[in-house]
Amino acid sequence: MSAPPPLVPPQVPAPDDVGAPGPTADAGYRDVPDAEGGRAGRGWWDANAAEYLDEHGAFLGAADFCWCPEGLRERDARLLGDVAGRRVLEVGAGAAQCSRWLVAQGARAVATDVSRGMLAAGAALDRATGIRVPVVQADARRLPFADDTFDVAFTSFGALPFVPDADAVHREVARVLRPGGTWTFSVTHPTRWAFPDDPSEHGLTANRSYFDRRPYVETDDAGRVVYAEYHRTLGDHVREVVAAGLEVRDVVEPEWPADNAEVWGGWGPVRGAYLPGTAIFRTRLPG
């Protein structure tokens, strides 16, 4: 029997280069051109990879699989099922902590991210842990893999919040999944967008419409978009998944555990006791 084709393409063009963002001069909820908002993520994550990992690296672990700030771990939740021997794709992997854990469980995993800075940080974690994860720098909306390549695909807060066209990500994932394959993704819980991004009691009073889909945008002194994060309602997520030909099998809303004192942006134990912070969608490609 011939050997299966490699998971990682031999040559993968990197996304178009973008300049380093300037410091944030203005922030708020407003419409911006899709092209500007969609490409801002790469520059922001390149510039902030080290700071992000300094702040959250201990919580995430170097070779652990954390779904969300609530601290739900795949070793406990088993949302992907048995991965041993299976071809697994991580989309928006950051430093590939989750994939590293999956490799240790026997998965044939490959990690993708648009940010060269995050993937470089992942290479350092490979060396520190001795667990190597194949990585590809790629935009999640243009995955450089053949059709029907993977048994499992997932992302933990990767890619989807940072592009205006998440439907394109779902379509690409559906394309590279084998029939019967699964796509599981965690995102900010849609209800959170109606509340201030504040982990204290001040974040418990809604101050904007849940149905206001304008993204949160940061711009520099030149007016250039340096960060954009997009809101979708619960129904938006479901419609985009179904339009890509996937079936929604479950939506997991992790509760904040009593032993988690972590404060992560707007997430924390005070607000987590009252409001959901994360939604995890479990979907499947029919077949």
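Predicted model: local features only at pLDDT ≥ 70, side-chain atom pairs only at ≥ 80, totals over all residues.
**View 1. Helix 1 meets helix 4.** Here we look at helix 1 (residues 34–60) alongside helix 4 (residues 116–129), whose axes come within 6 Å and cross at roughly 35 degrees. On the helix 1 side, the contact is made by Arg42, Trp45, Asp46, Ala49, Tyr52 and Leu53. Helix 4 contributes Arg116, Gly117, Met118 and Ala121. Sorted by class, this contact has 6 nonpolar, 1 polar and 3 charged residues.

**View 2. The largest nonpolar core.** This core holds 28 residues, and Leu89 and Trp183 are the ones that touch the most other members. Two or more residues come from each of strand 5 (150–156), helix 5 (166–176), strand 6 (177–188) and strand 10 (278–284). Helix 5 supplies the largest share, with 5 residues.

**View 3. Around Leu89.** Now let's focus on Leu89 and what it touches, leaving aside residues up to four places away in sequence. Its contacts include the aromatic residues Phe145, Phe150 and Phe154. Leu89 also touches Val110, Thr112, Leu143, Val152, Ala153 and Val176.

**View 4. The annotated span, residues 88–181.** An unreviewed UniProt entry labels this stretch "domain: Methyltransferase". In the model, the end C-alpha atoms of residues 88–181 lie 10 Å apart.

Key. Residues numbered from 1 in each chain as written. Heavy atoms only, no water. Axes fitted to C-alpha atoms, helices over the stretch in contact; angles between N-to-C directions. Helix = DSSP H or I, 4+ residues; strand = E, 2+ residues; numbered from the N terminus. Contact = heavy atoms within 4.5 Å. Nonpolar A, V, L, I, M, F, W, Y, C, P; charged D, E, K, R; others polar. Core = buried A, V, L, I, M, F, W, Y, C linked by side-chain atoms within 4.5 Å. Buried < 20%, exposed > 50% of the residue type's maximum accessible area, 1.4 Å probe, protein only. UniProt positions renumbered as here; feature names shortened; annotations may be inferred.
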